[in-house]
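Visitor: Hi, could you walk me through this structure? I am new to this, so please take it slowly.

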Amino acid sequence: MNNFKELSFKTVTYIASLFTIVVLLGIIFSIFLGGTPVFQYVSLTKFLSSPSWHPTHDPPDFGILSLIIGSLLVTAGALVISIPLGLGSAIYISEIASQRVREILKPIIELLAGIPSVVYGLFGMAFLSPFLIRIFKIPTGLNIFSASIILGLMVVPIISSLSEDALSSVPKSLREASLALGANKWETIIRIVVPAAKAGIISSIILGFGRAVGETMVVLMVAGGAAQIPSNIFQPVRPMPATIAAEMGETVIGSPHFYALYGIAIILFVITFISILITEFIVMRKKR
Amino acid sequence: MVNKSAHIITEDLNLWFGDNHVLKDVNIPVYDRNVTALIGPSGCGKSTLLRCFNRMNDLIPETRITGKVMLYEENIYSSRVDVTNVRTKVGMVFQKPNPFPKSIYKNVSYGLNVRGIARSRIEEIVEKSLHDAWLWEEVKDRLHESAFSLSGGQQQRLCIARALANDPEIILLDEPTSALDPQSTARIEELCLALKDQVTILIVTHNIAQAGRISDYTAFMYLGEMVEFGKTKQMFTVPKDKRTEAYLSGVFG
Ligand SMILES: Nc1ncnc2c1ncn2[C@@H]1O[C@H](COP(=O)(O)OP(=O)(O)OP(=O)(O)O)[C@@H](O)[C@H]1O
Ligand SMILES: [Mg+2]
């Protein structure tokens, strides 16, 4: 009887995990199936290196360089904001805050992660953008700068909670050893605790990067939507996910434009896939 | 023979963790350049007393301390005292070897870097400390390898070297051999004996035979009280207190 239970449990969990893998492979397969036909109309090099994205012109231009640059700029901007805030709050919660403050702060930050991205987007459009227009006297408040801020806020909880886990799991004995050698609290944090948690912190940043690169709703609402290579951070851009989301509804299935959007999805997938590989690599190396 | 000047003296030291009265009117001298062993059954407050001497108990919330711990002329619990300064003068080695996840060299240079010792002197001090901890010959060709590549006994000697690098007056050891094999234990015991010309040693041990082998003085604690303090030879042959006698003969512990 017990044997039967164990066997059926094994089978059920095995099928569940197999199912997940099959679905994942199916999605990957369909992206590549949908995207590769675009290369009948444009070469891979041109697709990646041309900045002109005019999918509805005749003849159309399928160059996504400006979209890639748009994505990378808002993502970099988001990390500039979220790394110091996320790491700073993680250090504060793990090393400095009292038990009570920690119990209040941790759920608040986790709550931040639970806010739907469309709400972040609304906040960007309704509050941040008019505010920026007034302060900087710029024509539009929907640009790299504002998208970076909103994306950055979205990524803070990821970096914060994962870094905090990494910092908290540094053994107490290392902190004690450092303090017993005459180091003060700050020296102990900077020289011992943070380096010991380095792998976890870097993983959290890469995961945050992946989240920011793939985030769609916020960049659709706040980045401005202009497919151009910007000359300053107050210009609008059109990141890759925003392009797919905005244009997919207007294309004819099976048209070159349709394939091109799938092509963008391939590039996005490759970027996030690589970032996950790097994270896995770091985690694996740390375990050894 | 034994030098009678006390290095640390506690005066009516009491300590509470919350409502738990852990140390009760403890008075104990720790004599200069001697090995003093702290023995007693589990939970009697040995580690807590040891951690009073470098103020490590400060880290535990809801700790209350009364009385004095005099390091020479100075009460280390007076408000004028710089805690980090106390901790460089009073080094500590823990029960489980706890090297930093850094190279062997950086483990030893850590305290020196923190104290802002001139770079030019660090290399020489690291080498001397490793020599003094009897580790130099084993690690001189692999100073920049991870400290985790060492055996448990070597790691513990690295922790001793790391403490010695600060040129402390006293080293506190909390059951430093309880996680080690007999051979590594013997080596650390010999090392303690060799080091006592240079530094005062206070060692907590569960191992009565170990206390007998290496200590000049022994303090027996029971339920937070200092029951008996005296020369190890005397105490081990004619204990004054019934409880000491019972503990030494293995009735409890
Ligand atoms: N961090 C702490 N917080 C609260 N109470 C503690 C703490 N550490 C120790 N205690 C309490 O203090 C008392 C003495 O503990 P201590 O660790 O000093 O004993 P010990 O003699 O070193 O025991 P052992 O031989 O098992 O190491 C015990 O009652 C213990 O529960
Ligand atoms: Mg103990």
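Visitor: Before that, what should I know about the model and its numbering?

Guide: This is a predicted model, so local features need pLDDT of at least 70 and side-chain atom pairs count only at pLDDT 80 or more, while totals for chains, interfaces and linings use all residues. Residues are numbered from 1 along each chain as its sequence is written, chains are lettered from A and ligands numbered from 1 in the order in which they are written, and side-chain values use heavy atoms, with hydrogens and water left out.

Visitor: OK, how many helices and strands are in chain A?

Guide: Chain A has twelve helices and two strands, where helices (H or I, at least four residues) and strands (E, at least two) are DSSP runs numbered from the N terminus. Along the sequence, the pattern of chain A reads α-α-β-β-α-α-α-α-α-α-α-α-α-α, and its C-alpha atoms fill a box of roughly 75 × 70 × 30 Å along the principal axes.

Visitor: At what angle do H3(A) and H6(A) cross?

Guide: Helix H3 (residues 65–96) and helix H6 (residues 144–168) of chain A cross at roughly 35°, and their axes come within 5 Å. Axes here are lines fitted to C-alpha atoms, for helices over the stretch in contact, and angles run from 0 to 180 degrees between N-to-C directions. By class, the contact of H3(A) with H6(A) has 19 nonpolar, ten polar and two charged residues; Ala, Val, Leu, Ile, Met, Phe, Trp, Tyr, Cys and Pro count as nonpolar, Asp, Glu, Lys and Arg as charged, and the others, Gly among them, as polar.

Visitor: And which residues of H8(A) meet H3(B)?

Guide: From H8(A), they are A:Glu187, A:Thr188, A:Arg191 and A:Ile192, which meet B:Tyr110, B:Asn113 and B:Val114 in H3(B), with contact meaning heavy atoms within 4.5 Å. The residues of this contact divide into three nonpolar, two polar and two charged. H8(A) (residues 185–196) and H3(B) (residues 104–114) pack at an angle of about 145°, with their axes 12 Å apart.

Visitor: Switching topic, how many residues surround ligand 1?

Guide: Ligand 1 is surrounded by 13 residues, and the closest are B:Ser42, B:Gly43, B:Lys46, B:Ser47 and B:Thr48; a residue is near a molecule if one of its heavy atoms lies within 4 Å of it. H1(B) gives the largest share of this shell, three residues, and the shell as a whole divides into four nonpolar, seven polar and two charged residues.

Visitor: Which atoms of B:Ser42 and B:Gly45 lie by its oxygen atoms?

Guide: For B:Ser42, a polar side-chain atom lies 2.5 Å from an oxygen atom of ligand 1, whereas for B:Gly45 a backbone N or O atom lies 3.0 Å from an oxygen atom of ligand 1. B:Ser47 also has a polar side-chain atom 2.7 Å from an oxygen atom of the ligand.

Visitor: Last one, where is the cis peptide bond?

Guide: The cis peptide bond joins A:Asp58 and A:Pro59, with omega about 0°, and A:Pro59 is found in the loop between strand S1 (53–54) and strand S2 (61–62) of chain A. In chain B, B:Asp25 has a positive phi of about 45° although it is not a glycine, and B:Asp25 lies in strand S2 of that chain.

How values were computed. Polar contact = N/O pair within 3.5 Å; in protein donor to acceptor, adjacent residues only side chain to side chain.
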